[in-house]
Amino acid sequence: MKVEVLISCMFQDAAALIARTNIQSDVLVINQCDTDKYETYEFVNNGGALCTARIFHTKERGLSRSRNMAIRNASGELCLICDDDEVLQDDYVDMLNSAFAQYPDDGIIVFRFKHPSKTFSDKAYRIGYFNLGRIGSYQMCLRRDSIPRHITFCEKMGSGTGNGGGEENKFVADCLKSGVHVRYVPTLIGSVAQVESKWFHGFDKSYWVNRGWGSKMVYGRLLGYIHIWYTLLVKSYRIDKTNSWFNHFLWLHKGFAENR
């Protein structure tokens, strides 16, 4: 199947980014900047095959908008979502095709990356509502014709919105609701260098308020409310000892009650 990498970035030299990411397939870059322009060129990969690069320069802002624009304009059968701080393995195209051939009923496969602060399972498993919070968008490859057209990344969530992260979790939850099968496989396809989040700035009040609101957005009101209690009882003090449990309670419920 034809693989296309979908890269989201801001104010980048697209050709340099493509080379740095070690792209060995067709690629589509959404470069958020101060101009609206489209360009394309061809390049030869390490195996001697001709690949096409398409670059959309846009004045739009927000990571979710960038993801949606990329998917809307994608041409690949398999679309690997990518950030601007990744380096892909030389043989990632073969690894993506092999995984989707092994799991022909899956619409999204989540892959393993070398990451400075995260570890990943050595075993493959199905992703459902109770473990979708583990994944990041940079791990996701979509079988494009399996994703319903009405499902997009929520543009109220993600970097650039001020509402915290979780846009990839909502995207996966919406796909699960529509019957799309999602799976993690432990195949290592690259590395990611990110050491500083673009939206996380500490366990302050806004983090917990956004988390409460995000739980409702991802899971809906009933499961979302269960999720904030799971966060309170199991995770809150484990991950944040600087604020009291009562503050976690107040802030999560405040966010859950908000309509943004």
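The structure is a predicted model. Gly162 belongs to the loop that runs between strand 9 (140-143) and helix 4 (167-177). Between the C-alpha atoms of Gly162 and Ala193 there is a separation of 23 Å, the two residues being 31 residues apart along the chain.

A nonpolar patch is present on the surface, formed by Tyr230, Leu233, Val234, Trp245, Phe246 and Leu250. Together these residues have about 590 Å² of accessible area. Two or more residues of the nonpolar patch are given by each of helix 6 (221-239) and helix 7 (245-257). Phe246, one of the residues of the patch, is found in helix 7.

The volume of the largest cavity is about 30 Å³. Strand 1 (3-10) and helix 2 (63-73) are the elements that give two or more residues to the lining of this cavity. The lining consists of Leu6, Ile7, Ser8, Arg67, Ala70, Ile71, Ile81 and Phe153. Classified by residue type, the lining of the largest cavity comprises six nonpolar residues, one polar residue and one charged residue. Arg67 is the charged residue of the lining, because Arg counts as charged.

How values were computed
Residues numbered from 1 in each chain as written. Predicted model: local features only at pLDDT ≥ 70, side-chain atom pairs only at ≥ 80, totals over all residues. Heavy atoms only, no water. 1 Å grid on protein atoms, 1.4 Å probe; cavity = no way out; pocket = protein on both sides within 12 Å on 5 of 7 lines; lining within 4 Å. Points joined across faces, edges and corners; volume = space filled by probe spheres on them. Helix = DSSP H or I, 4+ residues; strand = E, 2+ residues; numbered from the N terminus. Patch = residues over 30% accessible without salt bridge, like charges linked within 9 Å, V, L, I, M, F, W, Y side chains within 5 Å. Areas by Shrake-Rupley, 256 points an atom, 1.4 Å probe, with all protein chains shown as cover. Salt bridge = Lys/Arg side-chain N within 4 Å of Asp/Glu carboxyl O.
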